[in-house]
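Visitor: I would like to go through this model term by term. Please set each value against its definition.

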Amino acid sequence: MKILYTVGARLLLGMALGDACGAPFEGLSFQEAGEKLKAQGIIPGRYTDDTQQALALAEIVASGEEITPVSCARSLLSAYARDPRDGYSRQTQAMLTSSEPELFLSSISNEEKRQRKTDGAAMRAAPLGFIADRRTVIQSAVTSASITHGHQDAIAATVAIALCAHERIYHFTPCVHLWDAIRGDIAEQAQEALLWWDRAAELKGLNRDVLLGTYASYGVPYTSSRIFLGAVIFLLARYGDDPCRLLIESIQLGGDTDTVAAVVLGIALVRGGDESPIWKWVEAMEDGPYGRDYLISVGNALTERFYL
């Protein structure tokens with residue numbers, strides 16, 4: 001099967017597909033998700049906040065504008081105002097009612113950000129991987145996270161997702177080797193969580209107790225960037241070369257299925273999966289004003305800016 005999408009389009013389409021397919025299972029335990037998957041199968045629907053936030057950052061990067069707190073806030077506000085999507089936390093949705101970027105940034109205190117370790121910053125980070133300079137990728141990831149999150153796990157997970165995309169885009173790094181490629185950079189961000197992520201990378205098969213800890217009977221909690229990143233590392237290492245299996249396994253983990261599926265599919269498909277039937281699902285995605293064709297156009301702009 002000949003895939004004609006550009007690198008940028010592949011990342012955004014992969015994210016949107018994982019998001020849209022994972023959304024109907026979000027918040028279900030792994031048992032519930034498995035039962036629903038067996039009964040209903042996978043039907044691509046509308047993408048949610050995960051893709052919309054990533055799209056907002058992609059538009060900044062494609063324009064050549066610097067990643068700053070104000071540019072991030074402005075783009076997030078614009079994306080939501082033109083096309084309100086489901087999935088935002090109550091706190092973030094309240095922030096998105098701000099009339100100006102500065103009001104968005106001041107609507108959450110530094111102390112609240114320090115306590116916030118959800119996966120909400122990491123979910124939007126993959127497009128930052130298109131930035132050519134690795135140190136700038138890291139700095140931009142930290143900046144983009146800092147407008148809503150300040151916990152070291154959340155910052156580290158955001159940097160990790162951006163670097164995974166960067167490794168795939170510029171070095172064609174196989175999914176199985178991504179953690180080895182970025183581990184040194186992540187050690188600078190969150191030394192305390194390294195052992196957790198090392199264990200996730202070493203798993204040869206699913207061990208819910210190791211991967212999810214106290215959430216083993218549920219799934220990936222959106223409240224823990226540490227567990228979220230461990231799940232991403234494991235899924236990409238084990239199933240990154242098989243996008244359809246990757247999507248199914250992401251859903252069957254349970255919990256924050258749309259965020260996990262969005263991130264891993266975007267990273268996997270940016271440089272792989274050409275022979276996978278998953279591209280037929282891409283063709284079945286929504287195509288409204290900010291649907292498939294719009295994602296392709298922004299992805300193309302990313303690709304052209306960095307001569308990829």
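Visitor: Where does His 149 lie, and what makes that a loop between two helices?

Guide: His 149 sits between helix 8 (134-146) and helix 9 (152-171). Helices here are DSSP runs of H or I with at least four residues, strands are E runs of at least two, and both are numbered from the N terminus. This is a predicted model: local features need pLDDT of at least 70, side-chain atom pairs count only at pLDDT 80 or more, and totals for chains, interfaces and linings use all residues. Residues are numbered from 1 along each chain as its sequence is written, and side-chain values use heavy atoms, with hydrogens and water left out.

Visitor: Why is His 149 called buried?

Guide: Buried means under 20% relative accessible area, exposed means over 50%, and partly exposed is in between (1.4 Å probe, protein chains only). His 149 has 2% relative accessibility, so it counts as buried.

Visitor: What makes the pairing of His 149 with Thr 118 a polar contact?

Guide: The two side chains come to 2.7 Å. A polar contact is a pair of N or O atoms within 3.5 Å; within protein, one must be able to donate a hydrogen and the other to accept it, and residues adjacent in sequence count only if both atoms are side-chain atoms. The pair of His 149 and Thr 118 is listed as such a contact.

Visitor: Which residues does His 149 touch, leaving out those up to four places away in sequence?

Guide: Contact means heavy atoms within 4.5 Å. On that basis His 149 touches Lys 113, Arg 116, Thr 118, Gly 120, Ala 121, Ala 154 and Ile 155.

Visitor: What makes a set of residues a nonpolar core?

Guide: Its members are buried Ala, Val, Leu, Ile, Met, Phe, Trp, Tyr and Cys residues, joined through side-chain atoms within 4.5 Å. The largest such core has 102 residues. Those with the most contacts inside it are Leu 128, Ile 161, Ile 186, Trp 197 and Leu 236. Trp 197 touches Ile 186, and its other partners beyond four places in sequence include Ala 156, Trp 179 and Ile 233.

Visitor: How do helix 13 and helix 14 pack?

Guide: Helix 13 (residues 225-239) and helix 14 (residues 243-253) pack at about 145 degrees, with axes 9 Å apart. Axes are lines fitted to C-alpha atoms, for helices over the stretch in contact, and angles run from 0 to 180 degrees between N-to-C directions. From helix 13, Ala 231, Leu 235, Leu 236 and Tyr 239 take part. They meet Pro 243, Arg 245, Leu 246, Glu 249, Ser 250 and Leu 253 of helix 14. The residues of this contact divide into 7 nonpolar, 1 polar and 2 charged. Ala, Val, Leu, Ile, Met, Phe, Trp, Tyr, Cys and Pro count as nonpolar, Asp, Glu, Lys and Arg as charged, and the others, Gly among them, as polar.

Visitor: Why is Leu 247 called buried?

Guide: Leu 247 is at 0% relative accessibility, so it counts as buried. This residue is found in helix 14. Leu 247 and Gly 22 are 225 residues apart in sequence, yet 8.0 Å apart in space, C-alpha to C-alpha. Its contacts beyond four places in sequence include Gly 18, Cys 21, Ile 42 and Trp 281.

Visitor: How do you know that Leu 295 is buried?

Guide: Its relative accessibility is 0%, so Leu 295 counts as buried. Leu 295 lies in helix 17. Among the residues it touches beyond four places in sequence are Leu 12, Leu 13, Tyr 47 and Met 285.

Visitor: What makes the phi of Phe 172 worth a remark?

Guide: Most residues other than glycine have a negative phi. Phi of Phe 172 is near 55 degrees, a positive value in a residue other than glycine. Phe 172 is in the loop between helix 9 and helix 10 (178-187). With a relative accessible area of 52%, Phe 172 is exposed. Tyr 307 also has a positive phi, of about 55 degrees. It lies in the segment after helix 17 (292-305).
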